[in-house]
Amino acid sequence: MKKIISLFFVAMLLVTLLGCSKKADDGYKVAVVKQLDHESLDEIAKAICDEFDVISQRDGVSIDYGSVYSGQNDQSVLQQIGSGVRSDGVDVIVPIATLAAQTMTLVSDGDIPVVFAAISDPETAGLTDIDYVTGTSDALNTKQIMEMMFKVNPDIKKVGLLYSMSEANSKKSIDGAKAYLKDKGVEIIEATGNTDDEIKQAATSLIASKVDAVFTPTDNVVMASELTIAQDFMDAKIPHYTGADSFVKSGAFVTCGVNYTELGKLTADLAYSIMTGGEVTDYEVVPGGVITVNTDVCESLGISPDIFLDFGEIVEVTTIKD
Amino acid sequence: MSYIIETALELACVYSFVTLALFLSFRILDIADLTTDGCFVLGMCVSIVCTLNNHPLLGILLGMASGGLAGLVTALLQTKLGVPSILAGIITNTALYTINLMVMGFSSNISILRNKTIFNGNKLILLILIVIVVMILLRYFLSTRLGLSIRATGDNIDMVAASSINPKACILIGLVMSNMLTGLGGALAGQLQKSADINAGNGIVTIGLATLIIGETLINGKKSITRNIIACLIGNIIYRLVYAFILQTHIIPIECLKLMTALIITLAIALPYLKDRKKALC
């Protein structure tokens, strides 16, 4: 028993000592916390840090963003990270993705401004109307991507919706897509899954149903399987319309989604303006004016990327090859 | 600074219910019950949905009850349908994914950032109170006639049957109680964190087992039931403090947290074994 008590105190002491040793020097301190390790979130985190570097060069200030935290998709870890950065006395916390933002909002409790990044639906996530919370939203312009679908093939009869039930992100865009397609009198076939293998099966079922096109919103679960299912869609000559450029880099056809590097940049700018005493405003929706097209898929489908010229700036990418 | 320790202790209290649950199923009943992950989220969802409708206290009670129901399903699968115990837990856990989505109205994440929870005053003191009360009740229960029968079932099921006690009933009651504890943990975690997420239970069973073993190793918990119950809380406190330490010092890159968890568990299990061997060699 003695051993335990002494061990306990040593642990306490160590944690306390370390907390004291970290005194903030001049300049600003930021904590970037992503919910889990994921390609899109990594891209945003990198863009945020890069922009902080640019700002410190430009304005001659020091912005210490340390290392980017990952919550490993575990709420308790996120909470511990939150309490740690709060004690570190950071000027702003920048959480990426919904659960991270919710946890940081709770942990900060008004002490530290929270500038979230990439939350598709801040209202539903309960992150609006809190005076120390703002950020950027990657809400997908569902109407635009549907219009793009009809531009490519005006005679679409059947559209498959592929998404997961475990993503708050997906719901709003899926509802929007359903409303749009119903209005057009197009048959809708839904397929959902929650794990890699279920997504693959869902995709196969859509191919078997002979859909003319497939739509997936900013859904992280589908994104994780995109590389495998993209090949199947390409073989079946079915274009996959998606919610983010990371999908397209993994082999989907096209997106009008948000460019996550742009989003990260905007988030960093917002965080900087709040650090330097700016007001906490409403969250900003990043416009989805960037059309990212995969030329590999274009070739196999026999569609020219120029077909999307009316919709915005076109960025051509090819599937990443490992 | 105190804030880090406060958070660590809060989390330790909440997750010690999961450890207590695993103590009951894994140690006392000697059953690997994998219902835990889904059951934790079930308690969380029920508690959050009730809180959303302004009944936080009811949420805690119903969260606990719903956990018990999940345990009942696992137990019935085992005792009535002859499903092996590990599979029974996995089956229930899989089913719970959908059930949990249903509870949250087919949304994967609910936030109650603006609602009142049971944590009005000092969260930590309330949590410690609940943990201690639950630990005392559990200790008392394990000394009752029923509690002793459950302990005997885990030790020697044939002897229990020969003593004309129904071992299946003991397993059933044990699993229901164990999952009630998990559900209670989930319900408290949900209100503490003010949100429920469908993925919140991922890996809870690993943390539960880790903390159970850490506690047992450090205070020689297997010596008596009382010690073992206290070890559940101690294990959690140590685990969370170690985590806080790592997060603060960055002595291990943050990307390697999970590897660290595995290392902590391995060390905790291996230490007593190595100590014994060293003694045997001398």
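How many residues of chain B are in contact with chain A? In this predicted model, where local features need pLDDT of at least 70, side-chain atom pairs count only at pLDDT 80 or more, and totals for chains, interfaces and linings use all residues, the answer is 43 residues of chain B, which meet 42 residues of chain A. Contact here requires C-beta atoms, placed from the backbone, to lie within 7 Å. Residues are numbered from 1 along each chain as its sequence is written, with chains lettered from A and ligands numbered from 1 in the order in which they are written.

On the side of chain B that touches chain A, at least two residues each come from α1 (2-28), α4 (85-103), β1 (109-111), β2 (195-197), α10 (225-249) and α11 (257-281) of chain B. Helices (H or I, at least four residues) and strands (E, at least two) are DSSP runs, numbered from the N terminus. With 10 residues, α10(B) provides the largest share of this side.

Turning to chain A, its domain assignment gives domain 1 (27-139 + 260-285) and domain 2 (142-257 + 288-317), with bounds taken from an automatic or database domain assignment. The centres of these two domains, taken over C-alpha atoms, are separated by 29 Å. Between them, 11 residues of domain 1 of chain A are in contact with 9 residues of domain 2 of chain A. Helix α2 (residues 39-59) of chain A gives the most to the domain 1 side that touches domain 2, namely 3 residues.

Terms used. Two residues are in contact if their C-beta atoms, placed from the backbone, lie within 7 Å.
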